[in-house]
Amino acid sequence: MEPTLSATSVQAAPTNHSCDINKLKRAFAYKLFYQQGKTVLSVSLNDYYQAVALTVRDRMQHLFINSTEAQLEKESRLVCYLSAEFLPGPHLCNSLINLGFFNEFAIAARETGLDLKAIIDQEKEPGLGNGGLGRLAACYLDSLATQQIPAIGYGIRYEFGMFDQEIVNGWQKEFSDRWLQLGNPWEVKKADLVQEVGFGGCTESYVNGQGNRHHRWVPARVVIGIPYDTPIPGYKVNTVNTLRLWSAEAPKSFDFQDFNVGDYFGAVAEKISAENITKVLYPNDEQFQGKKLRLEQQYFFVCCSLKDMIRMHLFCHDSLDNFHDNFAVQINDTHPAVAIPEFMRLLLDEHCLNWEEAWDITTRTFSYTNHTLLPESQDKWPLSLFGSLLPRHLEIIFEINHRFLDQVRLRYPGDETIVRNLSIIDESGPRSLRMAHLACVGSQTINGVAAVHTHLLKTSSLADFHRLWPQKIINITNGVTPRRWMLVSNPRLSQLINEAIGEAWITDLTQLRRLEPLADDAAFRTAWRRVKQENKEDIAAFARDRHRVTLDINALFDVQVKRIHEYKRQHLNLLHIITLYNRLKANPTLDLTPRVCIFGGKAAPGYFMAKLIIKCINAVAEVVNNDPDTRDRLHVYFLPNHNVQTGHLVYPVSDLSEQISLAGKEASGTGNMKFALSGAVTIGTADGANIEIREEVGEDNFFLFGLSVPEVEQLQATGYRPADYYLSDDELRAAIDLIRSGHFSHGDHDLFQPLLTNLLEHDPYLVLADYRSYVDCQQQAADSYRKREQWTRMSILNVARMGKFSSDRSIAQYCREVWRVKPFPIELKWQRIPEGGIVFPRLS
Ligand SMILES: *Cc1c(COP(=O)(O)O)cnc(C)c1O
C-alpha cells in the first residue's frame, strides 16, 4: 500500500472570520433581498437555496482567488484534466463539508427558521456526464484540490445534461434536463477569457518573410467559446481549484453584413447553429456516436482549453519552449484526443515552431487514460467527415502517422502487418481515424484503470504498442472520494467511524484498517447495524413518498445501480429473481431470506435491448410485489433517475452489491467501491476492480462467481452454445419459459421475445453460462445474511480494508508517475477586503 500525499497536506481548516452565526443569518437575508429580490411575501425554496449557496460562495471566494493567482505565478506544473464529461453531483452539501462550515450553517439556518436539508435537496445537480467516466473526473477534481495540487478541469457546459428518467407503465421515458433554469449560483461567467474556434474551410501554404514554407487553416466559420468557472474546494485546505466549462456562442449576436443585405433569418440561423454545439450531452454510455455535432463538441472544448493554457503560459513566459514544464494535460478517454493535432497546429501554424520542437513539447505534455476495451466504444471517425470539419488537423495527423510508421518500419523491417495494426488510419474498411491510436502516439504515458484492464490492454488491444514501447502503459486503479461517498452520502456511518477511530481516515483512507479489531466488538456491531437500518428507513420513506412503494427494512437489500447495459447483465440479476419467485410459488412455505432487490440506471434512448430490460424489471416487479405468496419475502424496486443525488441515498443502504458484468468487460467500475465503502458485501465476477477489492477485503468477505477472463476466452474460442445451458438447467429453463409464457406481460408472448431470442441464440455476454454459478452464490449470500453477527463482521471488514480505493491514492499515483507534480500549499495573500478598501492599479 502506497502512502498518500494527503498525510503531509492535511492542515487546520482555513480560519474564517465570517462564519459567525449571526453574520451568516444576516448574509442569508441580504442575499434574499439584494440578489434574489425577495421578501417574506414572495420567497420560494429555490430562493432560500440560492441565498445559502451564494453565502457559501462568498466564503470561499478569497481561497479561490488566492489559489488561481498562485497558479498563474507558480513555478510548479498545473494539471489540466480534459474531459468531455463531469458528473460532480450537487455542490452545496459537499462545499459546506469541505470548507468545514456545515455545523455553522446548520445552526444559522435553524435559527432563521430554514430547513437546511430541504435546501440542500433543492439543488438540481449538474448532470454533465453519463455515468462512471464523468463521475471519476469529479472524484479526481475533489482529490486534486484536497491534496493541494494546482489543477483545472476543462469540459463542456452542456445546456441540457443527462436526461431525467421517469418510469411510465414500466418503460423508461426521457425528459430534458433543465439544470440551469432556476439559475446556477456556483458558476461565474468569465466573458473576458473568450476564445475563437474555427470549423471547416480549407488549408493554404505560404512562404513567410524568412523564406520558410508555412501552412495555415482558413476556417469556413468561427464560433466563440465562453468559460464558466465553478470553484472546487479541497477538504479543509486553502486550495480551491477550478472547473472551467466552455459554452458556445456566435461571434456577434447578429451578423450585420447579412442583416443589411436582408438575410435576417440567415444571420439568426448562424447564431443558433453556433449555440447548438454545447446544447446537449450525448446520452450514450460506452457507445461511439459518429455524429458530426459530437466531433464539433470535442474539438470545440479542446481548442478553447489549449488556447486558454497557452494564454496563461505566455502571461509569465515569452516562449512555448518550456510549456511542458508548466502544464501536464490528461486526456480522459479518447473524447479529447483531438487535442494532440490541435496543439501541434497551434505550435506550428500560429506560434511558428518547427515540427521536431513542436512534437517534442506535445509528447511531453499529454497523457492518456484508456477506459474501455469494448469494440463499440472505440471512437473511429470516418476520414471524410473529420477532414471536412478539421482539414488542417487531418493533414497534421497524416504527418504524425507518416513519421510514426517510419519509426515502426525501422523497428520491424518488412512487417507490414504490424504497420497496419499500429497505424492511426484504419484502412480495413472505409478509411477512418483510430482516436485511441492517435492518443497513444501523442502521449507520454498511457494508463488503464484497473489491474486486469491494464493487463488486457498490454496483451490484446494495445499489445503492439506495448511491444514497441514497453514502459509507456501503466496501471492506475480508479478510486472514489471519501468526502462525497462517505461524509455527504453516509453521514451516520461517518460519524460512527469518527467516534471509533477519529477523523484521519477522511484524507488517508488506509486508516480505516483501525476498524478491524472492532469487528469483534458486539456493541460496535450493533451500532453498525443500527446505522444501516436508519439509512434504510430514509430510502423507505423516499420510496413511500415518491413512488408509493413499501420496502421491508428488515430484508436483505440487494442493489444493482449503474447504466443499463447488456455487458453489465441486469438480466442475469433478473433471472435470479424469477428463480426465487418460482421456488416460492412451488413451495409457499419455503424459508427464504427476505430480500428487497433494488435496480436503478438509465438506458441510452436508442438502445432497444437496454430499454426492454428496464421494462422487464418493472414487469417482474409488478407480479412479484403483488403476489401474496411472494410479496412478503421478495420485493423488486426500480429506483428511477439514477444520478449522484439518488446515489447518495442508495449506496449506503445496500447489504449486497451487484457487480456482475462478464469478466473482461468492465474496465474498473467505481460503483463497486462506493458500495463496499458503505459496508455492502459484493457478489461479483472476476472483472475490473472487483478483483482488487476481493484481494483487499479477503476472499471470505466477497461472494465470487462466474467465469474468469481466460475461461471466457476459452469458452468463446471453442464455440459457445447458450441453448445447451437452457436445456440442461431446469431452473434456468423455468425462468426463461415463464417470461416467454407472458406471465409478466399480461399474457403477451411477444413483448420480451427479442430479449429471450438474443439470450438463447447469441448471448454475447454469456448470461446463461454464468447463471448456475450466480444463483448458487446468491444462495450462499442469503444463508450468510441470516447469521447477522457474522454478516456484520464481513461488512465492517469490507469497510476497514477499502483504503486502496480512495481517489486520493489514485491521484497521488498520477502525481508521481504521470504528471510529476507535488502538493503546493496556498498562502493567503488576500484574506479579506481591508477596511479602507483596495487601491487598484491604474489601467491605461
Ligand atoms: C458511480 C456512478 C456510476 C458508475 O457506476 P458503475 O457501477 O461503476 O457502473 C454511474 N452513475 C452514477 C450516478 C454514479 O454515481
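Tutor: Start with β22, helix α27 (residues 690–697) and β23, which make a right-handed β-α-β unit. Right-handed has a set meaning: with the strands pointing away from the viewer, the path from the first strand over the helix to the second runs clockwise. Helices (H or I, at least four residues) and strands (E, at least two) are DSSP runs, numbered from the N terminus. This is a predicted model, in which local features need pLDDT of at least 70 and side-chain atom pairs count only at pLDDT 80 or more, while totals for chains, interfaces and linings use all residues. Residues are numbered from 1 along each chain as its sequence is written, and side-chain values use heavy atoms, with hydrogens and water left out.

Now look at β22 itself. The strand spans residues 681–684, and both of its faces are covered. V681 and I683 lie on one side, T682 and G684 on the other, and all of them are buried. Buried means under 20% relative accessible area, exposed over 50%, and partly exposed in between (1.4 Å probe, protein chains only).

Next, the neighbours. Two strands pair if DSSP finds at least two bridges between them. Strand β21 (residues 656–659) runs parallel to β22, and four bridges join them. Here L656 stands opposite V681. Between β21 and β22 the chain passes through helix α26 (residues 671–677), and this β-α-β crossover is right-handed. Strand β23 (residues 703–704) is also parallel to β22, joined by two bridges. In that pair, I683 faces F703 of β23.

Step back to the sheet. It is open, has six strands and parallel pairing, and its order is β20-β19-β18-β21-β22-β23. β20 (634–638) and β23 stand at the edges; each has a single partner strand, so one side of each is left without a neighbour in the sheet. Strand β18 (residues 556–561) pairs with β21 in the parallel sense over two bridges. There, V559 stands opposite S657.

First, the shell: 15 residues surround the ligand, and the closest are K562, K568, T670, G671 and K674. By class, the shell has four nonpolar, seven polar and four charged residues. Ala, Val, Leu, Ile, Met, Phe, Trp, Tyr, Cys and Pro count as nonpolar, Asp, Glu, Lys and Arg as charged, and the others, Gly among them, as polar.

An N or O atom in the side chain of K674 is 2.6 Å from an oxygen atom of the ligand. For the side chain of K568, the distance from an N or O atom to a ligand oxygen is 2.8 Å. A polar backbone atom of T670 is likewise 2.8 Å from an oxygen atom of the ligand. On its own the ligand has 390 Å² of accessible area, and the protein covers 96% of that. Such areas come from the Shrake-Rupley method with a 1.4 Å probe. The elements that give two or more residues to the shell are α7 (132–146) and α26.

Conventions
Near = heavy atom within 4 Å. Polar contact = N/O pair within 3.5 Å; in protein donor to acceptor, adjacent residues only side chain to side chain.
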